[in-house]
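Please read them with the structure open.

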Amino acid sequence: MGGIRSALSRPRSAPPRRAPITVLTGHVPAFRLAVVSALLRAVALVLGVLAVGLVLAQGAPRNDDGTFRNNYPHATTSFGDFLRWQSERSDVPEPAGGWRTPTATPDLAALRGPAKTPSVTWIGHATVLLRLGGLNILVDPIFSARASPVAFAGPKRIAPLPIDIADLPPIDVVLITHNHYDHLDEASIRRLAATPAGSPRFVVPLGVKAWFDDIGIGRVDEVDWWQDVRVGAAAITFVPVQHWSRRNLLDRDRTLWGGWSIAAGGLRVVHLGDTGYSNDLRDIGERLGPFDLALIPIGAYSPRWFMQPKHLDVDDAIQARADLRARRAIGIHWGTFPMADDPPDEPPKILARERERAGLAQDAFDVMMIGETRPIEETNETKRRPDANAAATSAR
Ligand SMILES: [Zn+2]
């Protein structure tokens, strides 16, 4: 590029750079200029495509010390900010009789029988059972009383567990979004691995396999962002979200975090785990959408000054649904383990108000009862897609 420009400007008598192109054709035959210009354009196009391809194909970025970082710039919070939040926290007054997150009694026989139709069951918090493409897929299983490294302290379950591990259908695959205690629960993982039907396959973010190795669980694959695994007829892709990881005082961001896109049986579902609002959501929508169903966290957003980079609030969640190109969304990560200052019953109230303000139908973004099962239906947009499974590239 520089060579050509300097060649053209070398003669002292050459016209200024912004002169009309017809003047230059006096020095260079027109057809040669056209060829050079076409070549330059082709090279620029190829470079552009390669650059976009590299951005989309590459995994999570890392810092010099090997820790992971998010794709897009965002506000950060320090340990001092955490202490300030803890010191300023005021307990949300619990109503007489306790919190009452709506709960349904699951039809255990139907859940354990053959899956007649694809379905989603909300077990509470981010724990979801998906019956899709002939598979039973469990995401972020926590069946314990507390989301904590210890049994005597930490966020306590405020709604009854609707179904225990022994009542689940045989689980084919367990997906983990990140290593926070409310998403990766050791007691639940140990019990799932020890089920009489045999250990499910675990698919986890980069760096989390070592944790499974330490507790002697071997059927584990770990993946980077945009990598996918095939399980039966399902293409399961790990997607970037804006969050962080920590299991102890020394391992901040040493393991990856993300969400899961699952394409099976002509349907496509995304589970976001935990996330703040970022352009990653639009990237996921552009690359893997439209989705028949998006499971989007809508709780643990207060106070905003501290939570905003890492957790969506309800307005963010409504925008996330649009960015993901999801026809239907279900709000998760609320009403189960109070993790932040928002009252446990607040997210669905705000969702109902903001949904109406946004002109969305209830089934465009709804909440479920804990223990409830709903069918996952193909939406008109995804029906037009020839084959959801064929769209996913296999890294393995
Ligand atoms: Zn988290």
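1. Strand β2 (residues 127-132) pairs with strand β3 (residues 135-139) in the antiparallel sense over five bridges, where strands are DSSP runs of E of at least two residues, numbered from the N terminus, and two strands pair if DSSP finds at least two bridges between them. Within this pairing, Leu 129 stands opposite Leu 138 in β3.

2. Two remarks on conventions belong here. The model is a predicted one, in which local features need pLDDT of at least 70 and side-chain atom pairs count only at pLDDT 80 or more, while totals for chains, interfaces and linings use all residues. Residues are numbered from 1 along each chain as its sequence is written.

3. Strands β2 and β3 belong to an open sheet of seven strands with mixed pairing, in the order β6-β5-β4-β3-β2-β1-β14. Its edge strands, each pairing on one side only, are β6 (220-223) and β14 (373-375). Neighbouring strands of this sheet are turned by 20 degrees against each other on average, direction ignored.

4. Another open sheet of seven strands, again with mixed pairing, runs in the order β7-β8-β9-β10-β11-β12-β13, and its edges are β7 (228-231) and β13 (365-366), each of which pairs on one side only. Strand β12 (residues 329-332) and β13 are paired in the parallel sense over two bridges, with Ala 329 opposite Phe 365 in β13.

5. Helix α8 lies across β8 (234-239), β9 (259-264) and β10 (267-271), at about 155 degrees to β8; angles run from 0 to 180 degrees between N-to-C directions, and axes are lines fitted to C-alpha atoms, for helices over the stretch in contact. Helices are DSSP runs of H or I of at least four residues.

6. Helix α8 (residues 280-288) also packs against helix α10 (residues 314-324) at an angle of about 30 degrees, their axes being 7 Å apart. The two helices are therefore roughly parallel to each other (an angle under 35 degrees). The contact (C-beta atoms, placed from the backbone, within 7 Å) involves Leu 281, Arg 282, Ile 284 and Gly 285 of α8 together with Ala 320, Asp 323 and Leu 324 of α10.

7. Which residues touch the most other members of the largest nonpolar core? Of its 87 residues, they are Val 128, Leu 132, Ile 262, Val 270 and Ile 296; such a core is a set of buried Ala, Val, Leu, Ile, Met, Phe, Trp, Tyr and Cys residues joined through C-beta atoms within 7 Å, and a residue is buried if 20 or more other C-beta atoms lie within 10 Å of its own. Leaving aside neighbours within four places in sequence, Leu 132 has contacts including Ile 137, Ile 262 and Ile 376.

Note on methods:
Angles under 35 degrees count as roughly parallel, over 145 as roughly antiparallel, 65 to 115 as roughly perpendicular and the rest as oblique. Two residues are in contact if their C-beta atoms, placed from the backbone, lie within 7 Å. A residue is buried if 20 or more other C-beta atoms lie within 10 Å of its own, exposed if 12 or fewer, and partly exposed in between; C-beta atoms are placed from the backbone.
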